[in-house]
Amino acid sequence: MEMETGTKLQCPQPSRAPQDLSEAIKEATKEVHTQAENTEFMRNFQKGQVTPEAFKLVMASLYHIYAALEEEIERSRDSPSFAPVYFPEELHRREALEQDMAFWYGPQWRLAVPCSPATSRYVQRLHEVGRAEPELLVAHAYTRYLGDLSGGQVLKKIAQKALGLPASGEGLAFFTFPGVPNATKFKQLYRARMNSLEMTPEVRHRVLAEAKAAFLLNIQLFEELQGLLTPKSQDQSPPQTLGLHHRASSQGQEPSLDEVPQGKAQLPSQSSGPLLPWVLTLLTFLVATVAMSLYAL
Ligand code: HEM
């Protein structure tokens, strides 16, 4: 191979993407993790500012999310794209959440547990992934289970204190992992299993993107719950009456999933509604005035 004299031989730059999937996913979600920690809902929670009402709402969402996640995981349990990270005994939360639902919503909890629009969007995405792109399921499992084994343990203690719950752990079964005596060691094992998954660079790229999307679904959920809990100046009704329990019974029409604001950046549009008739009246008046002036000429 010919070389220009004086040209320094450049070694190929090492790829900036970390080799292991566990490192790559952690790096890819670092920013959204910080974003999730800093949502108003989570900041309040960390300060111990969590009411039973807020806690019930978030637990209900988690019930729906884990029911969908674990349904899809079961579908993929034998697939090489998921089998190495299939840990039902250690991780699965559905049963624990059912106990928590009975604690918080009573024996008729199945009829009473609300499902908010952001929860429905999350559930919908989990089913889409499970059915159409199961190779991305690992991104959702990582986001939830490793989070629960990390920050989730801090949140458990905060909730216990703030809500005055018994040390026996009643109402907090979700946060307790009897099959994981050592969370740090288990997370190491989980990461090693993630790293053993064989995937093409293209799939890996989509897994990283899906993990970010999973965090964003959580962020949107926290933002939505915060909005439901913060009484608006016009709406003084208590949060219990926000119509989450029975979607059909809400007074106005429930917005479709696509119509629900995706984040704080979107402004409420109610104020623009009543303006339109006024603008039309004004325009009609102006046109009439101009026409009459022309006629008079
Ligand atoms: C108040 C909110 C939160 C706090 C205080 C918190 C705190 C933490 C801490 C201390 C770790 C351990 C970091 C390490 O081992 O290097 C961690 C890891 C993690 N958290 Fe959070 N977290 C919060 C919210 C969330 C949320 C909402 C999610 C996603 C739904 C999440 C997902 C994760 C994941 C997936 C990991 C594992 C990172 C890895 O080792 O690859 N966290 N979190």
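Predicted model: local features only at pLDDT ≥ 70, side-chain atom pairs only at ≥ 80, totals over all residues.
Local features were taken only at pLDDT of at least 70 and side-chain atom pairs only at pLDDT 80 or more, whereas totals for chains, interfaces and linings use all residues. Residues are numbered from 1 along each chain as its sequence is written, and side-chain values rest on heavy atoms, with hydrogens and water left out.

The largest nonpolar core holds 70 residues. Such a core is a set of buried Ala, Val, Leu, Ile, Met, Phe, Trp, Tyr and Cys residues joined through side-chain atoms within 4.5 Å; buried means under 20% relative accessible area, exposed over 50%, and partly exposed in between (1.4 Å probe, protein chains only). Phe-41, Phe-55, Met-59 and Tyr-190 touch the most other members. Helix 4 (residues 52–76) supplies the largest share of this core, 13 residues. Helices are DSSP runs (H or I, at least four residues), numbered from the N terminus. Apart from neighbours within four places in sequence, Met-59 is in contact (heavy atoms within 4.5 Å) with Leu-97, Asp-100, Met-101, Gly-171, Phe-174 and Phe-175.

Helix 9 (residues 137–148) and helix 11 (residues 183–196) have axes that come within 12 Å and cross at roughly 170 degrees. The two helices are therefore roughly antiparallel, a term for angles over 145 degrees. Axes are lines fitted to C-alpha atoms over the stretch in contact, and angles run from 0 to 180 degrees between N-to-C directions. Val-138, Ala-141, Tyr-142 and Leu-146 of helix 9 meet Lys-187, Tyr-190, Arg-191 and Met-194 of helix 11.

In helix 1 (residues 21–28), the buried residues include Leu-21, Ser-22, Ala-24 and Ile-25. These residues lie on the same side of helix 1 because they cover an arc of only 165 degrees around the axis, the arc being that of the directions from the helix axis to the C-beta atoms. The buried residues of helix 1 pack against helix 9, helix 11 and helix 12 (201–229).

His-92 is located in the loop between helix 5 (88–91) and helix 6 (94–105). With a relative accessible area of 18%, His-92 is buried. Leaving aside neighbours within four places in sequence, its contacts are Glu-70, Ile-73, Glu-74, Tyr-86, Phe-87 and Tyr-145. Glu-74, in helix 4, is partly exposed, at a relative accessible area of 30%.

Technical notes:
Parallel < 35°, antiparallel > 145°, perpendicular 65-115°, else oblique.
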